[in-house]
Amino acid sequence: MLVILKQTAKEVGHEAARMVAAAVHANPKIVLGLATGSTPLGMYEELVALHRAAKLDFSKATSFNLDEYLGLSHDHPQSFHYFMHSNFFSHVNFSPDKIHIPDGSIRANYSEYCDGYERAIKSAGGIDLQILGIGRNGHIGFNEPNSSLASRTRLKELTQETMEDNRRFFPAGAEIPECAITMGIGTILDARRILILATGESKATAVAKTIEGAISAAVSASALQLHPEVTFILDEHAASALTLRDYYHRVLELTKKYTPEKLA
Ligand code: PGA
């Protein structure tokens with residue numbers, strides 16, 4: 001695992017966007033796995049800026065979003081559909097038929113729907129680069145604690161903690177979704193390369209358990225230890241509980257020296 005330590009959340013977004021842009025340049029037909037939440041907002045802003053200023057071209061790229069709340073229509077302001085369109089897709093030249101986001105408005109046959117999402121990822125050739133955030137409880141996507149490390153896309157019941165974390169995005173008094181459709185840990189681990197971002201003190205414990213703790217279904221993100229191509233980009237607050245920070249800095253310097261392609 002490569003751990004890139006930055007000072008600020010802004011730098012995290014900037015570095016993530018730089019890596020995504022390099023990957024899109026290298027392979028215009030890239031299949032991206034995309035995430036929502038407050039963490040990747042800076043990355044999307046920067047990618048939009050690169051599209052405008054440097055003609056970063058998404059026209060041949062395909063995307064699969066990680067998850068969506070169950071029960072929210074596409075135009076619901078708190079849906080991840082709305083998030084993706086307002087923060088990213090409406091500002092760049094992604095082809096609408098290459099955008100995939102789980103449909104939170106389905107009312108039945110969840111397994112069939114989720115199996116179809118898995119098939120769509122497969123028939124697009126699999127995900128080349130997966131972007132992730134991390135929850136305070138160590139979830140990736142909506143893979144709450146004790147999700148099977150082999151799980152695939154499915155309907156998932158949200159923990160009370162996650163529902164409370166999400167409350168800030170909803171108007172006062174609104175009902176908070178209690179389930180989501182999410183890619184599984186197994187789906188995420190099938191991606192060829194993974195970029196996981198974390199900012200802020202509230203993520204420090206989850207980040208430390210993920211990188212330096214044991215692999216455990218209790219911390220879903222710890223399953224990333226099984227993946228050979230994972231890069232963490234952290235601000236100093238999210239990194240504050242890591243014990244090997246000096247070593248991670250040294251690994252980064254030596255990576256620049258010996259295997260710079262890993263940072264492209
Ligand atoms: P956040 O969410 O970026 O809004 O903190 C991350 C997550 O829960 O995966």
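This is a predicted model: local features need pLDDT of at least 70, side-chain atom pairs count only at pLDDT 80 or more; totals for chains, interfaces and linings use all residues.
1. For the side chain of Thr39, the corresponding separation between an N or O atom and a ligand oxygen is 2.5 Å. The side chain of His139 likewise has an N or O atom 2.7 Å from an oxygen atom of the ligand. Taken on its own, the ligand has 280 Å² of accessible area, of which the protein covers 83%.

2. Ser38 and Thr39 are listed around the ligand together with Gly37. The residues around the ligand also include Gly133, Ile134 and Gly135, as well as His139. Arg168 and Lys203 complete the set.

3. Helix 8, length. Helix 8 comprises the 14 residues 245-258.

4. Which residues of helix 8 are buried? They are Tyr248, Leu252 and Thr255. These residues lie on the same side of helix 8 because they cover an arc of only 65 degrees around the axis. On the other side of the helix, Asp246, Lys257 and Tyr258 are exposed.

5. His81. This histidine belongs to helix 3, which runs over residues 80-87. Is His81 buried or exposed? Its relative accessibility is 8%, and a residue is classed as buried under 20%, so His81 counts as buried. When residues up to four places away in sequence are not counted, His81 touches Glu68 and His74, and also Ile101, Pro102 and Asp103.

6. Asn166. Helix 5, residues 160-167, contains Asn166. With a relative accessible area of 9%, Asn166 is buried. Leaving aside neighbours within four places in sequence, the residues in contact with Asn166 are Tyr69, Phe142, Leu158 and Ile176. A further distance concerns Pro177: this residue is 11 residues from Asn166 along the chain, and the C-alpha atoms of the two are separated by 8.9 Å.

Terms used. Residues are numbered from 1 along each chain as its sequence is written. Side-chain values use heavy atoms; hydrogens and water are left out. Helices (H or I, at least four residues) and strands (E, at least two) are DSSP runs, numbered from the N terminus. The expected span of a helix is 1.5 Å times one less than its number of residues. Buried means under 20% relative accessible area, exposed over 50%, partly exposed in between (1.4 Å probe, protein chains only). The arc is that of the directions from the helix axis to the C-beta atoms. Contact means heavy atoms within 4.5 Å. A residue is near a molecule or strand if one of its heavy atoms lies within 4 Å of it. A polar contact is a pair of N or O atoms within 3.5 Å; within protein, one must be able to donate a hydrogen and the other to accept it, and residues adjacent in sequence count only if both atoms are side-chain atoms. Accessible areas come from the Shrake-Rupley method with a 1.4 Å probe; for residues, only the protein chains shown count as cover.
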